[in-house]
Amino acid sequence: MNGTTTGKKPRKPSRRRRVCKFCADKEFGIDYKDPQSIRYFLSDRGKIVPRRISGACAKHQRQLCVAIKRARNIALMPFTAPK
Amino acid sequence: MVQVLPRERAREYESIFILHPDSQSDVVDSVAARCQDIITRLQGKLLRAENWGRRRLAYPVKKHQKGIYIYLRYLGYQDVVHELERNFRAIDAIIKFLSVKIDEDVNPEARPVAETDISFVSTFVEEEESAEPVMPPIVDEDSDRDREQAPAPRDEREVVEQKDDGDIKDDDDEQD
Ligand SMILES: [Zn+2]
């Protein structure tokens, strides 16, 4: 009974980006006026990508959220999936 | 109006407003001039004015697919944003606006204004279509979906299965 589906399997960590993009590159600012710079953190449905996927640290994820919401407010970014 | 901050300190704000896509340059000019009037009348200072040109909107605003973006950065006191936004609402050509406080407490002397920074207010340049590629429509990119969408549910399930003793955030941190 070497069930591989039980909770104890030694998971090969399926790491995506473990390093926060904004911590790694200090030049890379978070600016709601520049949607290109933060588009990566939006899914194709227009949702904010959770940081366990994007790899952003907590601090920058918070800033990112504010930036995305501002950009949405002024129609630089979509609220929902574009048709 | 009550002044909270002494006059030697000011707050820094920025406002973006979207004009009706068919606005002629004289409309743009007059709106920009009106904004500058308001800011100076309330003892603020216009630091920067930019015309981003006619851009595609990320979603329709009042049934318009495009709009002319104007960006203003200025110093002011608590009444300046209120007065500006009151005018934004009153101006028919403005279909949407957003104001953001950038800095709480700045010394106006520390923010010199170059003439060119606000030159657009007097000389509006025709660059409406050139701004097109700045905001491309968000398209369904396969690569995006692979990276951000498809793996998401699987990742979540794995986390839930294997870590009973911590929440997702802890799990995230421990892997580093
Ligand atoms: Zn970070």
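At 33% relative accessibility, A:Cys23 counts as partly exposed. This value comes from a predicted model. A:His60 is buried, at 10%.

For comparison, the ideal angle for four tetrahedral donors is 109.5 degrees.

A:Cys23 lies in helix H1 and A:His60 in helix H4, 37 residues apart. The pair links distant parts of chain A.

Side chains of opposite charge can pair when their charged atoms come close. Over all chains, there are 10 salt bridges.

One of them joins B:Asp105 to B:Arg9, with the closest N and O atoms 3.0 Å apart. B:Asp105 is in strand E4, while B:Arg9 is in the segment before strand E1, 96 residues away. B:Asp105 is partly exposed at 40%, and B:Arg9 is partly exposed at 29%.

B:Glu12 pairs with B:Arg73, also at 3.0 Å. B:Glu12 belongs to strand E1 and B:Arg73 to strand E3, so this bridge ties together parts 61 residues apart in sequence. B:Glu12 is buried at 4%; B:Arg73 is partly exposed at 22%.

## A bridge within one helix

B:Arg86 and B:Glu83 meet in a salt bridge of 3.0 Å. They are separated by about one helical turn, because they lie 3 residues apart in helix H2 of chain B.

Methods
Residues are numbered from 1 along each chain as its sequence is written. Chains are lettered from A and ligands numbered from 1 in the order in which they are written. This is a predicted model: local features need pLDDT of at least 70, side-chain atom pairs count only at pLDDT 80 or more; totals for chains, interfaces and linings use all residues. Side-chain values use heavy atoms; hydrogens and water are left out. Helices (H or I, at least four residues) and strands (E, at least two) are DSSP runs, numbered from the N terminus. Buried means under 20% relative accessible area, exposed over 50%, partly exposed in between (1.4 Å probe, protein chains only). A salt bridge is a side-chain nitrogen of Lys or Arg within 4 Å of a carboxyl oxygen of Asp or Glu.
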